[in-house]
There are 2 protein chains.
Amino acid sequence: MLTVDNGIRYLQSTGAKVTATRIAIMKSLENRNDHPSAERIFLELKPDYPTLSIATVYSTAQLLAKGSMLRILSIDEKKVYFDPKMTPHGHFMCKSCKHVFDIPVEFDIASSLTPIEGISSVEYAEIFYYGICSKCA
Amino acid sequence: MLTVDNGIRYLQSTGAKVTATRIAIMKSLENRNDHPSAERIFLELKPDYPTLSIATVYSTAQLLAKGSMLRILSIDEKKVYFDPKMTPHGHFMCKSCKHVFDIPVEFDIASSLTPIEGISSVEYAEIFYYGICSKCA
DNA sequence: TAGTAAATGATAATTATTTTAAATTCATTT
DNA sequence: AAATGAATTTAAAATAATTATCATTTACTA
């Protein structure tokens, strides 16, 4: 789970530096169950961190994703969404308003994949559902 | 299934025009089991259709997707891939070489989703696996 | 086959993300 | 506590995929 504490431990374990900016980004991500874009994180932090650059949001997210503390969803062709909730679940995106909902999944997706010719290793899996949400219907 | 004949019937059924360009694009997509990008289709057709514009590739693909003759995969955050194989299956993408493999799926993904608060209708579902392919391992 | 709405093609515009290079900051050593 | 060196941040420019624009062409209907 992504918490500031876990994040700091992860950074230290890899020799990366624990900076105020990284802590701020991790803090804004911990305990969320929505799926913010890079810009949203950037805008939320901007008031308190006026010198924050959006490039740093992207690079920190990639760092956290590498440590499995964050998932970067390519559920939409336009932009990427971050998901700090690392327990297994799927996602539904409303094609109209682009809102992303969490979806419970009963089966273990990644290990539902039996060995297949040409594939060496599976890191993770995603289930994406697309449709229309109640508000947009 | 996307064939030129089915595509023409679909276009006619919606009142859309059956143009030489659209037929060419459908022809290049029918019977494929790879996952070409817009640029790939464009480059493949360019020699025979020198005036083809990539904008037309995109718009025709969207048209075909609307008629469920094609799926537009957002498996990668960088670009979109077209998949003319409409029988249910999942996809694996190698994070290194970006190659996309078809993956058989036993269960019916879209209907595995029980009614959920806030969701009105589910159009389709995707399972994406990410990892490393044998060539890149 | 003339009229008309739709499609095409070339190019410009848009936008998310990455790169670059200089400036800053962190962690460590003196 | 100051100095050092490497990693990080920032601001801006670069990149690249997709979409919008609009003049021209085309397909279909009457």
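A:Gly131 has B:Val122 as its bridge partner in strand S5 of chain B. That pair belongs to a longer arrangement in this predicted model: S5(A) and strand S5 of chain B, residues 119–133, pair in the antiparallel sense over 13 bridges.

On one side 29 residues of chain A take part, and they are in contact with 29 residues of chain B. Two elements of chain A, strand S4 (100–103) and strand S5 (119–133), each give two or more residues to the side that touches chain B. Of these, S5(A) provides the largest share, 15 residues. By class, the side of chain A that touches chain B holds 19 nonpolar, six polar and four charged residues.

Read from the N terminus, the order of its elements is α-α-α-α-β-β-β-β-β. The domain assignment divides chain A into domain 1, covering 4–73, and domain 2, covering 88–131. Taken over C-alpha atoms, the centres of domain 1 of chain A and domain 2 of chain A are separated by 23 Å. Along the principal axes, the C-alpha atoms of chain A fill a box of roughly 40 × 40 × 25 Å. Of the 137 residues in chain A, 29% count as buried. Among its contacts between residues at least 6 apart in sequence, 47% join residues at least 24 apart.

Helix H2 of chain A, residues 20–29, illustrates the burial at the level of one element. Which residues of this helix are buried? They are A:Arg22, A:Ala24, A:Ile25, A:Met26, A:Ser28 and A:Leu29. An α-helix has 3.6 residues a turn, so residues three or four places apart point the same way. The cover over the buried residues of H2(A) includes helix H1 (4–14), helix H3 (38–45), H4 and strand S2 (81–83) of chain A. Just after H2(A), A:Asn31 takes a positive phi of about 65°.

DNA strand C is surrounded by 26 residues, and the closest are A:Ala55, A:Lys79, A:Val80, B:Ser53 and B:Thr56. Three helices each supply at least two residues of the surface near DNA strand C: helix H4 (54–66) of chain A, and helix H2 (20–29) and helix H4 (54–66) of chain B. Which of the elements gives the most to this surface? H4(B) does, with four residues. By class, the surface near DNA strand C comprises 11 nonpolar, nine polar and six charged residues.

Note on methods: Residues are numbered from 1 along each chain as its sequence is written. Chains are lettered from A and ligands numbered from 1 in the order in which they are written. This is a predicted model: local features need pLDDT of at least 70, side-chain atom pairs count only at pLDDT 80 or more; totals for chains, interfaces and linings use all residues. A residue is near a molecule or strand if its C-beta atom, placed from the backbone, lies within 6 Å of it. Ala, Val, Leu, Ile, Met, Phe, Trp, Tyr, Cys and Pro count as nonpolar, Asp, Glu, Lys and Arg as charged, and the others, Gly among them, as polar. Two residues are in contact if their C-beta atoms, placed from the backbone, lie within 7 Å. Two strands pair if DSSP finds at least two bridges between them. A residue is buried if 20 or more other C-beta atoms lie within 10 Å of its own, exposed if 12 or fewer, and partly exposed in between; C-beta atoms are placed from the backbone. Domain bounds come from an automatic or database domain assignment.
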